[in-house]
Amino acid sequence: MEETYLLNVEGVKKKILHGGQGELPKLQDGSKITFHFQTLKDDFERTVIDDSREAGIPMEIIVGKMFKLEIWETLLSSMRAGEVAEFWCDAIHTGMYALVSRGMRRIAEGQDPLEGQKHRCGMGNMFDYHSTGYDDLDELQRTPQPLIFIMELFRVEEPSAYKRDTWAMSKEEKLAAVPMLHSEGNRLVLCKEFGQAAAKYQEAVICLRNLQAKEKPWEDGWLKLESLVTPLVLNYCQCQLELGEYYEVLEHTTELLQKHNENAKAYFKRAKAHAAVWNEREAREDFLRVAHLDHSMAAAVKKELKQLGERMRKKHVEDRKRYQGLFQPPQGP
């Protein structure tokens, strides 16, 4: 079946190659669209530029998340599940395709799609656009032209029907997800599933850090989010202590203490990590700092210092025996 339609969009023509099923999807912000696509030049040979099937993974976009090629949402909204359609799009809709394709290709190659654009001002990023790193895409940038998109729509999922990545959530959704992740992490700790619990705490921290990035540091909004981040980081560090990931605990507690240098719990967890990797002086300093900041933890500190002393004495005895064995003269016959 090949019927040509003019969508209610200037410069777009649609030809249905294979009919789909059901009703047209009702797209809303946060809906996830899964599809395969092929991009061709509008020339005699219909030169193929990109084909998602070559990567072996369907394309996914989230509606309303400012995908750079806005026309794709329009095209996909005219399709039913299982439908295959060919769209001709004039150059007014395809000017950003080279940059979109560059990002998709770099992801498929296992590279960072934003390489060269990070920590750069807008003017600096403009110079990156002079070359995409791909000859065929550079040609498209120099001479914008109509393109043909052949798309096969697999499914459209409502926001509540799939597990959404953090980046795809709205501010309200992230704030709602944090207590749920925190609670699930606590449940997993009680089950001694420390690895899974750490992942929940980490996901919650990422949600909050994304929101913090939009706030001015140390102002009310930023501080409110930071108050939610701190206990999650401490819980994450406790899980890492249980898993024996002591250097990761040292990294995260030190970073936390650079902002909050009177957090006794952070000092306590860092002290335990120092003790585990035989940093005796650093461990003692952190334990004593805990006792100074929080008198209610004095008994726990006393117990940890006693255990640290016993472990270090035992280690010194073992080290002496080991070194004595190295320097003893060989026994005669």
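## Around the cavity

Two helices, H4 (97-108) and H6 (135-142), each give at least two residues to the lining of the largest cavity. Helices here are DSSP runs of H or I at least four residues long, numbered from the N terminus. A cavity is a set of points on a 1 Å grid over the protein atoms alone where a 1.4 Å probe fits but cannot get out, and lining residues have an atom within 4 Å of a point.

This is a predicted model, so to speak of local features takes pLDDT of at least 70, and side-chain atom pairs count only at pLDDT 80 or more, while totals for chains, interfaces and linings use all residues. Numbering runs from 1 along each chain as its sequence is written, and side-chain values use heavy atoms, with hydrogens and water left out.

## What lines it

Searching the whole structure turns up one cavity of 30 Å³ or more. The largest cavity comes to about 50 Å³, where volume is the space filled by probe spheres set on the grid points, joined across faces, edges and corners. Its lining is made by Thr94, Gly95, Tyr97, Ala98, Leu140, Gln141, Pro144, Gln145 and Leu147.

Sorted by class, that lining has five nonpolar residues, four polar and no charged. (Ala, Val, Leu, Ile, Met, Phe, Trp, Tyr, Cys and Pro count as nonpolar, Asp, Glu, Lys and Arg as charged, and the others, Gly among them, as polar.)

Now for the helix packing. H7 (residues 171-190) and H8 (residues 194-212) have axes that come within 8 Å and cross at roughly 160°. That makes the pair roughly antiparallel, a label for angles over 145 degrees. Axes are lines fitted to C-alpha atoms, for helices over the stretch in contact, with angles from 0 to 180 degrees between N-to-C directions. The H7 and H8 crossing is left-handed, as the near helix is turned anticlockwise from the far one by less than a right angle. Their contact splits into 12 nonpolar, five polar and five charged residues.

H8 also packs with H9 (residues 220-243), at about 160° and with axes 9 Å apart. H8 passes H9 in a left-handed crossing, and the contact of H8 with H9 has 17 nonpolar, five polar and three charged residues.

## H11 and H12

Further along, the axes of H11 (residues 264-276) and H12 (residues 280-293) come within 8 Å and cross at roughly 155°, so these two are roughly antiparallel as well. On the H11 side, the residues in contact (heavy atoms within 4.5 Å) include Tyr267, Phe268 and Arg270, and on the H12 side Asp286, Phe287 and Arg289 are among them. By class, the H11 and H12 contact holds nine nonpolar, one polar and five charged residues.

How values were computed: Angles under 35 degrees count as roughly parallel, over 145 as roughly antiparallel, 65 to 115 as roughly perpendicular and the rest as oblique. On a 1 Å grid over the protein atoms alone, a cavity is a set of points where a 1.4 Å probe fits but cannot get out, and a pocket is an open set with protein on both sides within 12 Å along at least five of seven lines; lining residues have an atom within 4 Å of a point.
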